[in-house]
Amino acid sequence: MKNHMQKKWVMDEWQHTRERGISLDVGGVSYTDRNPEELWKVLQRGSYMLDYEADPLGRIVALHIDRVEPSEKPAYRGMRCKK
């Protein structure tokens with residue numbers, strides 16, 4: 001159920017940007033005129049952060065979605081149980 005709610009949120013957000021003429025990009029690649037299913041597939045590949053860009057009057061003019069990765073690799077090699 002959680003995955004369905006996340007997908008609905010992504011689809012609604014994509015539709016919202018289209019209706020208001022807000023540009024939408026993922027990692028610098030425009031998704032403004034792409035199918036929302038493409039956007040959903042890309043967002044399934046990792047963790048992403050939303051960044052809303054405003055004009056001088058405070059109106060949202062762009063939505064940037066960027067992949068978030070750890071700044072450092074974990075110190076542990078794995079969580080394996082040795083027998």
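Helices (H or I, at least four residues) and strands (E, at least two) are DSSP runs, numbered from the N terminus. By this definition, the protein chain has 2 helices and 4 strands, and its elements run α-β-β-α-β-β from the N terminus on. The model is predicted, with local features needing pLDDT of at least 70 and side-chain atom pairs counting only at pLDDT 80 or more, while totals for chains, interfaces and linings use all residues. Residues are numbered from 1 along each chain as its sequence is written, and side-chain values use heavy atoms, with hydrogens and water left out.

**Burial and the nonpolar core**

- Buried means under 20% relative accessible area, exposed over 50%, and partly exposed in between (1.4 Å probe, protein chains only).
- Of the 83 residues in the protein chain, 25% are buried.
- A nonpolar core is a set of buried Ala, Val, Leu, Ile, Met, Phe, Trp, Tyr and Cys residues joined through side-chain atoms within 4.5 Å.
- The largest nonpolar core has 12 residues, among them V10, W14, Y31, W40 and I65.
- Two or more residues of this core come from each of α1 (2-20), β1 (23-26), α2 (36-43) and β4 (60-67), and α2 gives the most, with 4 residues.
- In soluble globular proteins, nonpolar side chains tend to be buried together.

**Helix α2**

- The buried residues of α2 are P36, L39, W40, V42 and L43.
- These buried residues line one face of the helix, because they fall within an arc of 165 degrees seen down the axis of α2; the arc is that of the directions from the helix axis to the C-beta atoms.
- N35 caps the N-terminal end of α2, with a side-chain oxygen 2.6 Å from the backbone nitrogen of E37.

**Contacts**

- Contact means heavy atoms within 4.5 Å.
- Among contacts in the protein chain with a separation of 6 or more, 38% join residues 24 or more positions apart.
- Not counting residues up to four places away in sequence, M11 touches P36, E37 and W40.
- The charged end of R34 sits over the ring of Y31, 4.4 Å from its centre; this requires NZ of Lys or CZ of Arg within 6 Å of the ring centre and within 35 degrees of the ring normal.

**Residue V61**

- V61 is found in strand β4 and counts as partly exposed, at 32% relative accessibility.
- The C-alpha atoms of V61 and I22 are separated by 4.9 Å, although these residues are 39 residues apart along the chain.
- Not counting residues up to four places away in sequence, V61 touches I22, S23, E53, A54 and D55.

Terms used
Polar contact = N/O pair within 3.5 Å; in protein donor to acceptor, adjacent residues only side chain to side chain.
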